[in-house]
Amino acid sequence: MTSVQPDLAPWARDTVLQWLKENVPEIRIQHILRVESMARDLAQRHQLDQEQAARAGLMHDLAKYFPPAQLLALAQKHQLPTDPVDEANPHLLHAQVSAVVAQETFGITDTEILAAISNHTLGQPQMSDLSCVVFLADSLEPGRGDRPKVQAAREMSYQNLHHAVALVCDLTLKHLVKTQRLIHPRMVLTRNWAWLELQS
């Protein structure tokens, strides 16, 4: 009999769900569950590990409601890479800090899962297909609406991960420019990487 990895124990999901109920509003939990479901579906479609995808989806927003000061303090404590844009908008750190919480609170040691959680907001050049799946599930789960461009990106996510990542980055960047908000350099790097991947 093969041993079960600690972070794949059958009780882990219930433990995470209980923690979420105590720390995250119900409306956000519904989003998280939709991300978990879509991540699993995308993983199946692209022949990736469905359990890894589902677990990363379930834990991607653990730090979503941490106060800015707490996000900055945890980023400093764990020597997470930060940018002036992070300091101006600490909420952007919630993805990386969520990976820290997954590791410290729930004993997650799977580096692929931790990376997928960390990359779900801004992406990362050369990120794995699993990270692409969670990045896309977060942006394109059914609760995000059915505007034509969103729906087109959603459909593309089941066909070509890199193309879908490029489309999502473009949608996000256009929105940030339109609303005159700061753009994190990593989003630009992710966008360019994804488009270049399509040309290689």
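Me: In which helix does H94 lie?
Reply: The model considered here is predicted. Within this model, residues 94-106 make up the helix that holds H94, namely α6.

Me: Is H94 buried or exposed?
Reply: A residue counts as buried when its relative accessible area is under 20%. The relative accessibility of H94 is 3%, so H94 is classed as buried.

Me: Which residues does H94 touch, apart from those up to four places away in sequence?
Reply: Contact requires heavy atoms within 4.5 Å. With residues up to four places away set aside, H94 touches H60, D61, A63, K64, L71, H120 and T121.

Me: Where does D61 lie, and is D61 buried or exposed?
Reply: D61 is placed in the loop between α3 (50-59) and α4 (68-77). Its relative accessibility is 2%, and therefore D61 counts as buried.

Me: With which side chain does the side chain of D61 make a polar contact?
Reply: Beyond its neighbours within four places in sequence, D61 is in contact with several residues, including H94, S98 and H120. A polar contact joins the side chain of D61, at 3.3 Å, to the side chain of H120.

Me: How many residues apart in sequence are the parts that the pair of W19 and F106 ties together?
Reply: Both W19 and F106 are buried. Because W19 belongs to helix α1 (residues 12-23) and F106 to helix α6, the pair ties together parts whose separation in sequence is 87 residues.

Technical notes
Residues numbered from 1 in each chain as written. Predicted model: local features only at pLDDT ≥ 70, side-chain atom pairs only at ≥ 80, totals over all residues. Heavy atoms only, no water. Helix = DSSP H or I, 4+ residues; strand = E, 2+ residues; numbered from the N terminus. Buried < 20%, exposed > 50% of the residue type's maximum accessible area, 1.4 Å probe, protein only. Polar contact = N/O pair within 3.5 Å; in protein donor to acceptor, adjacent residues only side chain to side chain.
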